[in-house]
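This briefing is meant for someone meeting the structure for the first time. Please look over the sequence and the model below before reading on.

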Amino acid sequence: TTVGYGDFVPDTLLGRAFILFSIVAGVLLFGAIAREVHELSQRVDGSGSFRKRTGASHVVLCGMRFDLATVRSFAREFYSSRHNTGVRLVVLTPQPEWNRSDWLAFVGREHQLHSTEMLVSFFRGSINNDADHDRVLGE
């Protein structure tokens, strides 16, 4: 980091302290952002935890193998009932039979096709695994 070509330099002690602080803060901020980008790039689709909103409901759809057609069919049937409006559908499966782009297209397309919002999330795991079970409970 530089202040410029040297034609403008801080003359006062306060000015020099401000520049030193700015340089150190910039290096620390850059390091924090780089670490965050690295961590995000290492995440596997379906990792993380479900965060339940206060007063909200959700249903966990779990199984060993789901293809996108099965999830789509279940979601359409589930959200056809007015009682399920606003209820989040959480899909938990160890081996999803879709890729990331297909999943994102499904979630985006379904949201546009229905007047009621389809709230669908995907997590990789098994309901038989206590850690995965806790990740999707959202409590």
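This is a predicted model: local features need pLDDT of at least 70, side-chain atom pairs count only at pLDDT 80 or more; totals for chains, interfaces and linings use all residues.

**The chain as a whole**

- The chain holds four helices and three strands, and from the N terminus on these elements follow one another in the order α-β-α-β-α-β-α.
- Of the 139 residues in the chain, 25% are buried, while the accessible surface comes to about 10000 Å², with 57% of that surface belonging to carbon and sulfur atoms.

**The strands and how they pair**

- Strand β2, made of residues 88-93, is mostly covered, since five of its six residues are buried.
- On one hand, β2 pairs with strand β1 (residues 58-62) in the parallel sense over five bridges, and within this pairing L61 has V91 in β2 as its bridge partner.
- Between these two strands the chain passes from β1 through helix α2 (residues 68-80) to β2, and this β-α-β crossover is right-handed.
- On the other hand, β2 is joined by six bridges to strand β3 (residues 119-124), and these two strands also run parallel; here the bridge partner of T93 is R124 in β3.

**Salt bridges**

- How many salt bridges does a search of the whole structure find? The search finds two, and they are described in the points that follow.
- E97 forms a salt bridge with R65, and the closest N and O atoms of this pair are 2.5 Å apart.
- This pair links distant parts of the chain, for E97 sits in the loop between β2 and α3 (100-113), whereas R65 sits in the loop between β1 and α2, and the two are 32 residues apart.
- E97 counts as partly exposed because its relative accessibility is 38%, whereas R65, with a relative accessible area of 64%, is exposed.
- The side chains of R135 and D132 meet in a salt bridge as well, with 3.3 Å from N to O, and both of these residues are buried.
- Because R135 and D132 are three residues apart in helix α4, which covers residues 130-137, they are separated by about one helical turn.

- F123 lies in strand β3, and it counts as buried because its relative accessible area is 7%, where the cut-off for buried is under 20%.
- Although F123 and S49 are 74 residues apart along the chain, their C-alpha atoms are separated by 7.8 Å.
- Leaving aside neighbours within four places in sequence, F123 is in contact with G46, S47, G48, S49 and F50, with V90, V91, L92 and T93, and with R135 and V136.
- Some of these contacts lead back to residues described above, including V91, the bridge partner of L61, T93, the bridge partner of R124, and R135, whose side chain meets that of D132 in a salt bridge.

Conventions:
Residues are numbered from 1 along each chain as its sequence is written. Side-chain values use heavy atoms; hydrogens and water are left out. Buried means under 20% relative accessible area, exposed over 50%, partly exposed in between (1.4 Å probe, protein chains only). Accessible areas come from the Shrake-Rupley method with a 1.4 Å probe; for residues, only the protein chains shown count as cover. Two strands pair if DSSP finds at least two bridges between them. A crossover is right-handed if, with the strands pointing away from the viewer, the path from the first strand over the helix to the second runs clockwise. A salt bridge is a side-chain nitrogen of Lys or Arg within 4 Å of a carboxyl oxygen of Asp or Glu. Contact means heavy atoms within 4.5 Å.
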